[in-house]
Amino acid sequence: MSEILNKLSGQGVAIWLDDISRERLRTGDLEQLIRDKNVVGVTSNPTIFANALSKGDAYNAQLHDLAVRGVEVGEAVRAITTYDIRWAADVLRPVYDATGGVDGRVSLEVDPRLARESEKTIAEARALWWLVDRPNLMIKIPATVEGLPAITQALSEGISINVTLIFSLERYRAVMDAWLAGLEAAQAKGLNLASIESVASFFVSRVDTEIDKRLDKLGKPELKGKAGIANARLAYAAFEEVMNSERWQRLRAAGARPQRPLWASTGVKNPEYSDTMYVDQLVAPGTVNTMPEKTLDATADHANITGDTVRPFYEQAWNTMAALKDAGVDYDDVVKVLEDEGVEKFEASWNELLESVTKNLVP
C-alpha cells in the first residue's frame, strides 16, 4: 500500500475511483485497487460507460443475448449499466460492511436527458434502485433546479443519493436543504435514517478550466488555477455551517449521517499545474475524493499530504473569490455555463452510449 494514500485516508478523506468497466471487474482490477490503493467507493457517469463500451469485448456476450431477445436500446443500456454496477457493489460489499455502510458505495446516474424534469428523474431513480437492488448503491441525481425536489423525494423513500454537477455555493446550499428535507420526510415515515447515505459532488477542475479562459481574456493570468480550490474550500465552510445547525443536530440525534462533500472532477486538465493539486489541497475530514485512475496513481506516487488544507484557508479562499470578481469574472455566469455544459456533455455521452449499443445489438 502507498504510504501517501494511507496518510490521505488517515486525514478522513475517503478515496473513491471515478471509473468502472466490465473489463476492470472481470479481471479483478477493482478488487486490487481496494486492496492496494485504499479505494473504498466507485463513481460512474455516462461518459465513463460510453468509454468502457467502446473498448474490448467484455460486453459482447450480453449484447448478443439482448439482441436475440429483441430488447429495445434504452432498456439494453439499463441492463448493461446495472449489471456492472451490481457487480461493483458486490465487490465493494466487504468495505460497506466494515464501515457500517458509510463507504463501499457505487454510484449510478439517472438518464441525463431527464435533468430538467423532476417527476421523470424520481421515476428513474426508483427504477434503478429496484433494478440494482443493493444496499450500497447510490443513485446520482444532478443538482439542477429541477433535480432538487427529486433529491428530496428519493431520500424520503430511503434511496441513497449522490448529488452530482454542483458548481455554485448557492446551489450547494440548496442541495443541502433538499437533503435535510428528504431526511425529515423519511423520519416522518419511520424509516431508518442510518441506512440513507448521501454525498454532494462538488466539481473542481472544470471551474478552473472555465475561469482560466476568462482570465486570459481579461489579462489576469496571475489568478489562474486558484478558483476551483477556493470554491471547494468555501463549499466545505458552508457544509460546516449546516453541520452546526439545530436542524441537522435533530436529525443526527435520530441516527442520520452527514451528507459528505465529494470532490469530483479532480483530474487536472492543465498540464502546467500539479497533477495532484485537487487532492493534496482539498484535504479535510469527512470528505470524499473521487479520482480517475491516473490521478489516483499520481497521488499514490507523489502527492504532498500535510494535514488539513481546507479549514485553515477560508480567508484566503474568500480573498481569491473577491480578487476574481474585481478582475471582472462573473461568478454567477460561470456556474450557469458550467451546469449547462455539464448536462449537455452527459447527454452527449448518453447518446453516444445509445448509438454504440444500437450498433452492437446484433443477434
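This is a predicted model: local features need pLDDT of at least 70, side-chain atom pairs count only at pLDDT 80 or more; totals for chains, interfaces and linings use all residues.
Me: Hi! Where is Glu 197 found?
Reply: Glu 197 sits in the loop between helix 9 (169-188) and strand 6 (198-203).

Me: Is Glu 197 buried or exposed?
Reply: Glu 197 is buried, because its relative accessible area is 1%, and buried means under 20%.

Me: Which side chain does the Glu 197 side chain join in a polar contact?
Reply: That would be Arg 257, with a polar contact of 3.1 Å between the two side chains. Leaving out residues up to four places away in sequence, Glu 197 also touches others, including Gly 101, Met 138, Leu 155 and Arg 260.

Me: New topic! Which helix does Arg 24 lie in?
Reply: Arg 24 is part of helix 2, residues 22-26. Arg 24 counts as buried, at 10% relative accessibility.

Me: And which side chains make polar contacts with the side chain of Arg 24?
Reply: One is Asp 29, at 2.4 Å. Another is Glu 293, at 3.0 Å.

Me: Let's switch to helices. How do helix 7 and helix 8 cross?
Reply: The axes of helix 7 (residues 118-132) and helix 8 (residues 147-156) come within 8 Å and cross at roughly 35°. The crossing is right-handed.

Me: Which residues make the contact?
Reply: Helix 7 brings Ser 118, Thr 121, Ile 122 and Arg 126, while helix 8 brings Pro 149, Ala 150 and Gln 153.

Me: What is that contact like by class?
Reply: The contact of helix 7 with helix 8 has 3 nonpolar, 3 polar and 1 charged residues.

Conventions
Residues are numbered from 1 along each chain as its sequence is written. Side-chain values use heavy atoms; hydrogens and water are left out. Helices (H or I, at least four residues) and strands (E, at least two) are DSSP runs, numbered from the N terminus. Buried means under 20% relative accessible area, exposed over 50%, partly exposed in between (1.4 Å probe, protein chains only). A polar contact is a pair of N or O atoms within 3.5 Å; within protein, one must be able to donate a hydrogen and the other to accept it, and residues adjacent in sequence count only if both atoms are side-chain atoms. Contact means heavy atoms within 4.5 Å. Axes are lines fitted to C-alpha atoms, for helices over the stretch in contact, and angles run from 0 to 180 degrees between N-to-C directions. A crossing is left-handed if the near helix is turned anticlockwise from the far one by less than a right angle, and right-handed if clockwise. Ala, Val, Leu, Ile, Met, Phe, Trp, Tyr, Cys and Pro count as nonpolar, Asp, Glu, Lys and Arg as charged, and the others, Gly among them, as polar.
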